[in-house]
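Hello,

Please find the structure below, followed by notes on what was found in it.

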Amino acid sequence: MKIVDAAVFVTCPGRNFVTLKITTDEGVTGLGDATLNGREQAVVTYLREHVVPLLIGTDPHRIEDTWQPLYRGAYWRRGPVTMAAIAAVDVALWDIKAKVANLPLYQLLGGASRDRVRTYGHANGRDIPELLDSVRARQAEGYQASRVQTGVPGLEKVYGVHTGEVIAANATRLDQRALPVVEDWDTPAYLRHLPTVLEAVRNEFGPELPLLHDAHHRLTPLQAAKLGKDIERYELFWLEDCTPAENQQAFRVVRQHTTTPLAVGEVFNTVFDYQTLVSAQLIDYVRSAVTHFGGVSPLRKLFDFADQHQIKSGIHGPEDISPVGMAAAIHLDLAVHNFGIQEYSGHTDATNEVFRHAYTFTDGHLHPGEAPGIGVEYDEELGAAHPYVPAYLPVNRLADGTVHDW
Ligand code: CS2
Ligand code: MG
């Protein structure tokens, strides 16, 4: 079997997605997600100019022997653009291999280790009453765990909070604009406010509801340590991205002050980003997505490394991971031993029409389905009807104008 074509599609059914489609001489095709939110065209060009020419004529079954040359042969290895491009190839080749075997991908990854995949949804509100309504709305949709994010008194535009209830399945993300929206931030105000938010949620929903919170890289290590300690009594499932994690040593400060479980890694793209965090037991969940981490092949290796330290998976799954990337994640979630939880925001109706998928969401759990491959079909005609729309992620500034992590 040989690869005879590899096409890159960009579509925007509510938000931009980049999809790679590899075609073999026997007519079997495979899909990969190459979406890098806010930098999509960089990956499109990387694939079309530097990767596709290397794929034509090669054997699609040699997944590892395709991945390694793309990683090592680039010389300038790692990074979000490179690893998103490699991820798309890796997933497309796994899709082809599983289709040829006439098996759903999870069967090639060792088979099911559980019956279904537990998820968490996004609950958000400008204020506490709106947040409580949003948690109830997620529960009504079947979610049995919720990430909780609110506005901060005195701030106008805060991460994770949309004016009015934005349910990803039916609305364009408000954080996408032709130029970056400027959001505002005040760490002391946030640190004072979050414990009151969690107190209110626990009072309303009790101690059992798994709650997650994303600090989105905004705290210093000491601020993260203080917050982790201040909210211990609310027993979060995890506190995510509490401090920028490029400096892995920073988590030693956080870890020595709090037992709040820590999740990190959605912006990581190779195992080296985790080396100290995992080997020194500084975190509890690894967050990378198939799409940003070079594909199923390396993410599976990361989970095995994490498992040696009793660290679990928590694959990143907001709506800027396409249904292709989501499907690949769910197959991996079903198969790996050290599964933790899967983030799942759902997608717009228009997205689910472009990307017809076999995975299902029932009672807060996902299942990849039994379709051969990853179980996704891309409708090229419908996809073309939603042309690319330039869009950036927001930028964050403090009251004095200083740029801060978004
Ligand atoms: C967030 C993401 O879901 C999360 O945990 O960190 O929504 C993140 O803001 C986006 O993926 C950025 O594109
Ligand atoms: Mg996050």
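Asp304 is located in helix H10; helices here are DSSP runs of H or I with at least four residues, strands are DSSP runs of E with at least two, and both are numbered from the N terminus. With a relative accessibility of 48%, Asp304 counts as partly exposed. Here buried means under 20% relative accessible area, exposed means over 50%, and partly exposed is in between, with a 1.4 Å probe and protein chains only. Asp304 and His193 are 111 residues apart along the chain, and their C-alpha atoms are separated by 38 Å.

Before the rest, some conventions. This is a predicted model, in which local features need pLDDT of at least 70 and side-chain atom pairs count only at pLDDT 80 or more, while totals for chains, interfaces and linings use all residues. Residues are numbered from 1 along each chain as its sequence is written, chains are lettered from A and ligands numbered from 1 in the order in which they are written, and side-chain values use heavy atoms, with hydrogens and water left out.

Helices

H10 covers residues 296-307, and its end C-alpha atoms are 16 Å apart, which agrees with the 16 Å that its twelve residues should span at 1.5 Å a residue. The expected span of a helix is 1.5 Å times one less than its number of residues. While Asp304 is partly exposed, the buried residues of H10 are Val296, Ser297, Pro298, Leu299, Leu302, Phe303, Phe305 and Ala306. As background, an α-helix has 3.6 residues a turn, so residues three or four places apart point the same way.

H3 has 21 residues, which should span 30 Å at 1.5 Å a residue, and the 30 Å between its end C-alpha atoms agrees. Of these 21 residues, 16 are buried, so H3 is mostly covered. Asn102 follows H3 and has a positive phi, near 55 degrees.

H11 (residues 323-335) has 13 residues and reaches 18 Å from its first C-alpha to its last, close to the 18 Å expected at 1.5 Å a residue. H11 is largely enclosed by the rest of the structure, because 13 of its 13 residues are buried. At the start of H11, the backbone nitrogen of Val324 has a side-chain oxygen of Ser322 within 3.0 Å. This is a polar contact, that is, a pair of N or O atoms within 3.5 Å; within protein, one must be able to donate a hydrogen and the other to accept it, and residues adjacent in sequence count only if both atoms are side-chain atoms.

Loops

Ile315 lies in the loop between strand S11 (312-313) and H11, and is buried with a relative accessible area of 0%. Ile315 and Arg218 are 97 residues apart in sequence, and 21 Å apart in space from C-alpha to C-alpha.

Asn16 sits in the loop between strand S1 (3-11) and strand S2 (17-24). Asn16 counts as buried, at 1% relative accessibility, and its side chain reaches the backbone oxygen of Val389 at 2.5 Å.

Thr348, in the loop between strand S12 (342-343) and helix H12 (349-354), also counts as buried, at 13% relative accessibility. From C-alpha to C-alpha, Thr348 is 17 Å from Glu381, and the two are 33 residues apart in sequence.

Two loop residues have backbone angles to check. Arg78, between helix H2 (64-72) and helix H3 (80-100), is not a glycine but has a positive phi near 70 degrees. Arg78 is partly exposed, with a relative accessible area of 31%. Gln281, in the loop between helix H9 (275-279) and strand S10 (285-286), is likewise not a glycine and has a positive phi of about 60 degrees. Gln281 counts as partly exposed at 34% relative accessibility.

Ligand 1

Where does ligand 1 sit? Ligand 1 is in the largest pocket. A pocket is found on a 1 Å grid over the protein atoms alone, as an open set of points with protein on both sides within 12 Å along at least five of seven lines. A molecule sits in a pocket if more than half of its atoms lie within 2 Å of its grid points.

There are 15 residues around ligand 1, of which Asn37, His216, Glu266, Arg287 and Glu343 come nearest; a residue is near a molecule if one of its heavy atoms lies within 4 Å of it. A polar side-chain atom of Glu343 is 2.4 Å from an oxygen atom of ligand 1, and one of Glu266 is 2.5 Å from an oxygen atom of ligand 1. For Glu240, an N or O atom in the side chain is 3.0 Å from an oxygen atom of ligand 1. On its own, ligand 1 has 340 Å² of accessible area, and the protein covers 94% of this. Accessible areas come from the Shrake-Rupley method with a 1.4 Å probe; for residues, only the protein chains shown count as cover.

Regards

Key:
On a 1 Å grid over the protein atoms alone, a cavity is a set of points where a 1.4 Å probe fits but cannot get out, and a pocket is an open set with protein on both sides within 12 Å along at least five of seven lines; lining residues have an atom within 4 Å of a point.
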